[in-house]
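Open the model in your viewer and keep the selection tool ready. The tour below goes from one stop to the next.

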Amino acid sequence: MEYVEPPPAPKSEEEKPEEKFRKVLIKPDEDRQIAIQKAQVRDVQEILDLVNGYAAADVMLPRGPQYLYENIRDFVIASDRNVPVYSMMETREELHLIVACGSLHVLWDDIAEIRALAIHPDYQHLGLGSKLAEYLMEEAKQLGIRRVYTFTLTEEFFRTIGFKRQKREELPPKMWGECSRCPKYFKCDEVGMVKVL
Ligand SMILES: CC(C)(COP(=O)(O)OP(=O)(O)OC[C@H]1O[C@@H](n2cnc3c(N)ncnc32)[C@H](O)[C@@H]1OP(=O)(O)O)[C@@H](O)C(=O)NCCC(=O)NCCS
């Protein structure tokens, strides 16, 4: 017998993207201790929370645990060490919180894609997105790759870090591999961008 998952419940009109994210008690900038490092398997759940928080608002592709585990070596994370977090029991705990992630996925000898770049809403505009992208581009260079691509809705951000818009028909066909799995397949609003390293 085949079991077919029921369709997800429709999103309510009032639901805001921020409500999907874990609430953090914001500390002054100088108290933040942010470290950027390669992800480990123990980080998978937090990365999923971050990426799927944005996917729920339709600004990123949703990811599942299988994708994360299989591609964990692609991922870098930024964590704010000892950020105070209010737990569900409303007690204050000192936790290690992942506040940003991003990944570099190699597709061919001269093609790597920046995927799943996500910065927690409370940590945006601190330069973290640029820093993670730099880290990933450095990895690409070390692998001998000279061009990185991305599909995005935030063209302006990628422009500030040196990416240029590229026509869909000029993108390497390998870049389309993920499109068949994308919920936006029939109504894609993302733009392709490239940076030569
Ligand atoms: C887009 C995103 C990765 C940017 O991360 P960030 O850490 O806030 O970016 P930075 O602080 O490095 O920004 C550098 C500059 O890029 C530009 N920029 C950043 N986010 C922008 C946005 N959403 N729209 C337009 N320009 C943006 C600004 O000029 C910014 O400089 P400023 O902070 O002095 O204004 C982040 O907003 C995010 O996670 N968005 C949701 C998920 C997403 O869209 N990911 C993109 C890949 S699919």
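Start by selecting Glu 113, which belongs to strand E4. The model is a predicted one. Is Glu 113 buried or exposed? Its relative accessibility is 5%, and buried means under 20%, so Glu 113 counts as buried.

Next, select the whole of strand E4, residues 111-119. This strand supplies at least two residues of the shell around the ligand, and so do helix H3 (128-142) and helix H4 (155-160). Which of these elements gives the most to the shell? Select H4: its contribution is four residues.

Now select the ligand, which sits in the largest pocket. Show the residues around it; there are 18, and the closest are Ile 119, His 125, Gly 127, Gly 129 and Ser 130. Colour this shell by class to see nine nonpolar, eight polar and one charged residues.

Then turn to the backbone around the ligand. At Leu 117, a polar backbone atom is 2.8 Å from a nitrogen atom of the ligand. Move to Gly 127, where a backbone N or O atom lies 2.8 Å from a ligand oxygen atom. At Gly 129, a polar backbone atom is 2.7 Å from an oxygen atom of the ligand.

Terms used
Residues are numbered from 1 along each chain as its sequence is written. This is a predicted model: local features need pLDDT of at least 70, side-chain atom pairs count only at pLDDT 80 or more; totals for chains, interfaces and linings use all residues. Side-chain values use heavy atoms; hydrogens and water are left out. A residue is near a molecule or strand if one of its heavy atoms lies within 4 Å of it. A polar contact is a pair of N or O atoms within 3.5 Å; within protein, one must be able to donate a hydrogen and the other to accept it, and residues adjacent in sequence count only if both atoms are side-chain atoms. On a 1 Å grid over the protein atoms alone, a cavity is a set of points where a 1.4 Å probe fits but cannot get out, and a pocket is an open set with protein on both sides within 12 Å along at least five of seven lines; lining residues have an atom within 4 Å of a point. A molecule sits in a cavity or pocket if more than half of its atoms lie within 2 Å of its grid points. Ala, Val, Leu, Ile, Met, Phe, Trp, Tyr, Cys and Pro count as nonpolar, Asp, Glu, Lys and Arg as charged, and the others, Gly among them, as polar. Buried means under 20% relative accessible area, exposed over 50%, partly exposed in between (1.4 Å probe, protein chains only).
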